Amino acid sequence: MANQKKVVKFRRPINLNLGVVIFVIMFVYLVIELVKYFSGEQLSVYEVTESQIANDNTYQGLIIRDEKVVSLDKEGYLSYYVSEGKKIGKNSTIYSIDQTGNVYDLLSENEKQEDLTEKDILEIRDCINSYRRIYNGSNYKAVYDYKYSLENTAMELTNINLLSSLAEILKTKDTKGTFDVVKTKDSGSVAYYTDGFESVTVDTFTADMFDSSNYKKTELRSTDKKEAKSDVYKLITNENWNIVIPLSESQAKALSERTVVKVTFMQDKLYTNALFKIIQKDNRKYGIISLRNYIQQYLTDRYIDISISTDVITGYKVPKSAVTDKAFYKIPTSYFTKGGDDDSTGLIQVTTDKEGKKKYKFVETSVVSSDDKYSYIDISTFKEGTIICDEKDNKKQLTIKETGKVTGVYNVNKGYPTFKVIEVLTENNEYYIIGMKTTNGLNNYDHIILNVDLAKEEHYVD
């Protein structure tokens with residue numbers, strides 16, 4: 001049998017090109033990084049520049065006045081003859097009360113259609129213009145206040161016209177004991193609402209009174225029959241009034257030396273100078289603004305938005321989103337000393353060798369920030385539990401472990417984040433103005449991380 005040759009098919013080995021493999025790996029990595037880059041929030045950089053803030057802080061204040069509520073001594077139907085906000089003297093006619101309603105019906109029967117006087121037209125026009133000045137589409141309360149004000153202006157004008165017919169009717173009808181014209185016992189500015197704040201003073205207000213979300217006002221004028229002992233009107237008996245505003249620590253600091261402030265009323269941009277003082281109550285600070293004018297303009301308000309102008313503050317402008325707090329070791333300043341070849345600042349570290357003998361070594365230490373008692377150093381400088389001692393008394397020792405928060409930003413001038421301490425001078429809703437002479441702080445045109453929540457100190461920033 002002839003020898004048969006078996007042919008085996010040769011498989012060529014896979015020949016991987018190292019360059020291609022590296023290219024594929026780099027391409028995949030690049031794609032992953034691009035997806036991560038475009039799908040996530042990006043680290044942003046902000047350039048620090050010198051700026052100013054004219055410190056016009058806005059507050060919602062609580063109005064406190066001398067208010068006296070007057071009540072009915074008998075039931076009946078009321079007709080008012082004095083406009084709200086008008087100042088009247090003692091023994092002035094303010095309303096009439098009809099116990100049966102008969103006189104009111106007679107007045108209505110004898111009512112004649114009369115043309116409005118120029119004064120009447122001006123009063124209605126003032127009511128409309130006042131609303132136009134403060135109109136805000138989102139402020140529904142102002143709409144209802146305007147409706148109430150316009151309705152009652154019309155009712156007052158009608159009642160004043162009816163008053164001229166009252167004397168004739170009273171001559172022909174016996175109304176003795178059922179109808180009275182009532183006069184004021186005191187002088188003051190008239191208001192026709194109550195809200196429960198009438199007895200509040202600058203000594204008795206409480207923190208919860210500054211929450212206006214649940215504020216309710218009871219309107220007193222009505223065509224319905226009123227019960228005896230119900231409130232009928234109130235008088236503001238003093239032209240002097242106060243606005244109380246809650247203050248943050250920074251606001252109180254900015255206003256601490258002010259005894260007079262410029263106040264702007266936000267709803268109509270009126271402004272005036274007023275006496276000012278700061279009080280502390282229940283661990284909170286409040287500003288008391290004392291005024292002598294404009295009480296009639298804001299007679300129907302209990303809460304009012306104002307701004308207070310303070311000094312113009314100059315410094316570096318830093319967005320609030322760039323500011324954060326970082327933990328540092330908190331070391332009593334008395335432990336720091338001078339040493340080394342260049343007489344640098346540092347601490348004396350205490351160690352123990354294998355034989356139990358203590359050794360003392362000077363360690364150069366950078367201080368990030370200081371206050372009256374403590375200096376703050378980076379946590380990476382020493383391990384927690386490291387022992388240091390006082391240079392003058394090595395028996396006075398301290399174990400490093402206590403930390404404290406320091407406020408600052410991350411500077412990226414060198415391409416990586418470096419924490420820089422800042423000193424906040426003042427602020428508005430979006431920015432801080434910080435000091436320009438802070439030790440180890442920022443300089444003009446430095447670059448900082450804008451969205452500090454994304455910052456990590458190991459990041460490299462282009």
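**Phe205 and its ring partners**

Modeller: Setting aside neighbours within four places in sequence, phenylalanine 205 touches Leu62, Ile64, Val200, Phe210, Val244, Ile279, Lys281, Tyr286 and Ile288; contact here means heavy atoms within 4.5 Å. This is a predicted model, where local features need pLDDT of at least 70, side-chain atom pairs count only at pLDDT 80 or more, and totals for chains, interfaces and linings use all residues. Residues are numbered from 1 along each chain as its sequence is written, and side-chain values use heavy atoms, leaving out hydrogens and water.

Biologist: What makes phenylalanine 205 and tyrosine 286 an aromatic pair that is edge-to-face?

Modeller: Rings of Phe, Tyr and Trp (its six-membered ring) pair if their centres lie within 6.5 Å; planes under 30 degrees apart are stacked, over 60 edge-to-face, the rest tilted. Phenylalanine 205 and tyrosine 286 come out at 5.0 Å centre to centre with 75 degrees between the planes, so they count as edge-to-face.

Biologist: And why is the pair of phenylalanine 210 and tyrosine 286 called stacked?

Modeller: Their centres are 5.5 Å apart and their planes at 20 degrees, so that pair is stacked. Phenylalanine 210 lies in the loop between strand 9 and strand 10 and tyrosine 286 in strand 15, so the pair ties together parts 76 residues apart in sequence. Strands (E, at least two residues) are DSSP runs, numbered from the N terminus.

Biologist: How do you know that tyrosine 286 is buried?

Modeller: Buried means under 20% relative accessible area, exposed over 50%, partly exposed in between (1.4 Å probe, protein chains only). Tyrosine 286 has 3% relative accessibility, so it counts as buried. Phenylalanine 210, at 14%, is buried too.

Key. Helices (H or I, at least four residues) and strands (E, at least two) are DSSP runs, numbered from the N terminus.
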